[in-house]
Amino acid sequence: MNSSLLGASDGRDVEVVPRHEGRSRYGSAVGLGLAGCALTAVAYYSASGRNQGPRLSAGSGATEISAHHHRGSHKEHEKHEEHKEPLMFLHIADTHSDPFYDYTNFFIPAEKISRSPDLFSKKTPAEICGWETESLIFEHWNKSGGGPSCPCGQYGANPPFSVLASLRKEIEKQGPDFVIWSGDFVSHYMPGTAPGDKCRTARSVAKTTVSMVNAQTWPKKMHHMFVLGNNDVLPKRAPMEQEWLEEFGAFLFEAGWLKEAELVTWNAGGFFKRRVGGGLCVLNLNSNSWTANQINDKHHAAQLKWFHDEAFADPECKQYLINAHIPLGWLEGGSGHHVWSNLEGAEVPLNSEQYRVVIRKHSDNIVAELYGHINKADIRLMDGKQAADPDDNETVRDDPHDDALGDLDDDIGGNGATVSFTVAGISRRGLNDPQFQKIYLEKEHGAYEIQDIDVIQMMKGCDFEMSFSFVDQFKPHFDTGINIATLKNFVEDESMKAIVESQLALSASPYNKTTLKDPFFLASVRAGIAGCEVRKEHR
């Protein structure tokens with residue numbers, strides 16, 4: 001198949017046509033005309049990008065990627081960077097897509113899962129393995145799913161693979177300079193998840209997800225950076241096994257998501273650095289280093305040493321984005337409009353504080369920290385203070401009488417402060433619609449700064465659409481960009497709290513948590529007549 005063609009769901013080839021879209025100053029995007037929301041699995045596999053495109057050796061350093069379609073000599077490229085070109089990238093997390101999704105089994109094996117109970121692997125191995133190979137998953141994933149009424153799934157559950165097909169189409173339409181994936185590709189409790197479960201299904205689901213979303217815009221190669229989430233550790237609730245780490249790393253290399261030099265640190269613990277142009281670098285961390293029950297001591301030691309000694313030592317890197325799955329230190333510190341007590345039991349504060357010490361040291365050069373995991377979208381000012389001793393008796397609670405701004409005091413926004421935010425995710429398990437963030441960077445006084453964050457949401461059907469921008473939604477706080485000073489004013493403004501709370505799990509659905517306990521609603525979903533309705537204003 002020609003690299004500029006994709007197969008439509010009716011078997012036709014659809015040409016990829018470059019066009020300008022959105023904010024013109026951010027360059028070109030790519031549009032696709034498709035018959036229906038889902039593409040055939042075979043077409044996606046053949047267009048996945050595996051074993052295609054050049055493999056770039058980075059030597060002893062990180063790999064440089066360009067925001068321009070054409071690269072000249074090294075000196076010419078440096079000149080381009082001095083032009084202070086803006087960058088636009090996407091932030092996506094928590095896909096959790098399920099190739100076995102079956103609406104007739106909605107919430108039957110467990111809450112938030114629509115899959116045959118025979119394919120459920122939590123405390124004990126699954127009864128059956130299902131499709132254990134990538135090729136079988138590609139062949140069969142679109143034979144069930146959300147049904148005729150809700151082809152991209154129902155409210156409150158991990159979605160079917162059809163959402164990935166739509167996501168790939170939307171990524172190519174947006175045409176970003178790069179994509180940051182903040183972990184959790186594996187759907188919960190797939191065969192192969194429980195200790196002692198020998199099924200390879202969960203591993204194949206992780207790999208197939210990569211191939212499904214490996215969007216490209218020719219002739220410019222799109223770069224993807226992925227970090228491991230807690231559900232990507234197999235078996236789950238156990239330290240990451242070296243064999244799976246290396247197997248998945250080799251697959252990411254073949255898919256073009258890891259460079260040869262990056263494999264060295266990936267195999268040491270699932271971490272790596274990527275140069276993305278203009279002196280900006282992305283530090284991709286394995287948050288299982290601070291995830292309860294999943295810490296591989298060898299990986300943790302290797303990553304922490306690298307983070308302390310090498311991550312910030314590259315002379316080509318003037319500024320940094322930090323990408324990880326579980327938010328670093330949100331349980332113990334920082335300032336915002338929501339208290340994240342649900343991180344209790346997930347994060348190991350003693351370990352995360354070791355990373356925050358390094359972050360505080362280099363905070364002047366950190367543009368932002370990007371995370372997933374909580375299936376909620378929030379922004380938080382990490383204020384540079386040392387976290388409270390986790391052995392103290394004080395705990396973080398979701399108590400309305402607690403300080404909703406996270407113990408604001410005179411230290412907020414001081415030395416060591418950073419901008420930190422999460423994305424709600426593609427899975428609906430957080431009662432959110434599938435969504436991701438589109439982030440704009442521009443250089444101000446020689447340094448990159450976030451100008452705005454757009455939220456792109458799947459409100460109805462299988463199509464993504466623009467939902468809101470931070471600049472518009474939180475006026476006037478981010479009119480001049482999203483930085484330490486503007487975020488400080490934002491978290492001090494108590495009038496913003498209600499708006500923030502309303503956006504944590506943004507959804508066009510008329511349902512809520514109580515609905516998911518209603519036997520009539522559950523029966524209606526399993527009958528294929530409910531589960532994806534939207535409120536009147538979104539119809």
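Residues are numbered from 1 along each chain as its sequence is written, and side-chain values use heavy atoms, with hydrogens and water left out. Because the model is predicted, local features need pLDDT of at least 70 and side-chain atom pairs count only at pLDDT 80 or more, while totals for chains, interfaces and linings use all residues.

**Helices H6 and H7**

Two packed helices are described by the angle between their axes and the distance between the axes. Helix H6 covers residues 242-255 and helix H7 covers residues 260-269; helices (H or I, at least four residues) and strands (E, at least two) are DSSP runs, numbered from the N terminus. The two pack at an angle of about 160°, with their axes 9 Å apart. Axes here are lines fitted to C-alpha atoms, for helices over the stretch in contact, and angles run from 0 to 180 degrees between N-to-C directions. H6 and H7 are therefore roughly antiparallel to each other (angles over 145 degrees count as roughly antiparallel, under 35 as roughly parallel, 65 to 115 as roughly perpendicular and the rest as oblique).

On the H6 side, the contact (heavy atoms within 4.5 Å) is made by Gln242, Leu245, Glu246, Phe248, Gly249, Ala250, Leu252 and Phe253. On the H7 side, Glu260, Leu263, Trp266, Asn267 and Gly269 take part. The residues of this contact divide into seven nonpolar, four polar and two charged; Ala, Val, Leu, Ile, Met, Phe, Trp, Tyr, Cys and Pro count as nonpolar, Asp, Glu, Lys and Arg as charged, and the others, Gly among them, as polar.

**Salt bridges**

Side chains of opposite charge can pair when their charged atoms come close. The structure holds 18 salt bridges, each a side-chain nitrogen of Lys or Arg within 4 Å of a carboxyl oxygen of Asp or Glu. The table lists some of them.

| Pair | N to O distance |
|---|---|
| Glu111 and Lys517 | 2.7 Å |
| Glu247 and Arg203 | 2.6 Å |
| Arg535 and Glu537 | 2.9 Å |

Glu111, in the loop between strand S5 (87-92) and helix H3 (134-140), and Lys517, in the loop between helix H12 (497-503) and helix H13 (519-526), are 406 residues apart. Glu111 is partly exposed at 49% relative accessibility, and Lys517 is exposed at 56% (buried means under 20% relative accessible area, exposed over 50%, partly exposed in between, with a 1.4 Å probe and protein chains only).

In the remaining pair of the table, Arg535 is partly exposed at 29%, whereas Glu537 is exposed at 56%.

**Backbone positions**

A cis peptide bond joins Leu234 and Pro235, with omega about -5°. Pro235 lies in the loop between strand S7 (223-226) and H6. Another cis peptide bond, with omega about 0°, joins Lys475 and Pro476; Pro476 is in the loop between helix H10 (470-473) and helix H11 (484-492).

His96 is not a glycine, yet its phi is positive, about 50°. His96 sits in the loop between S5 and H3 and is buried at 1% relative accessibility. Arg237 has a positive phi near 60°. The loop between S7 and H6 contains Arg237, which is partly exposed at 47%.
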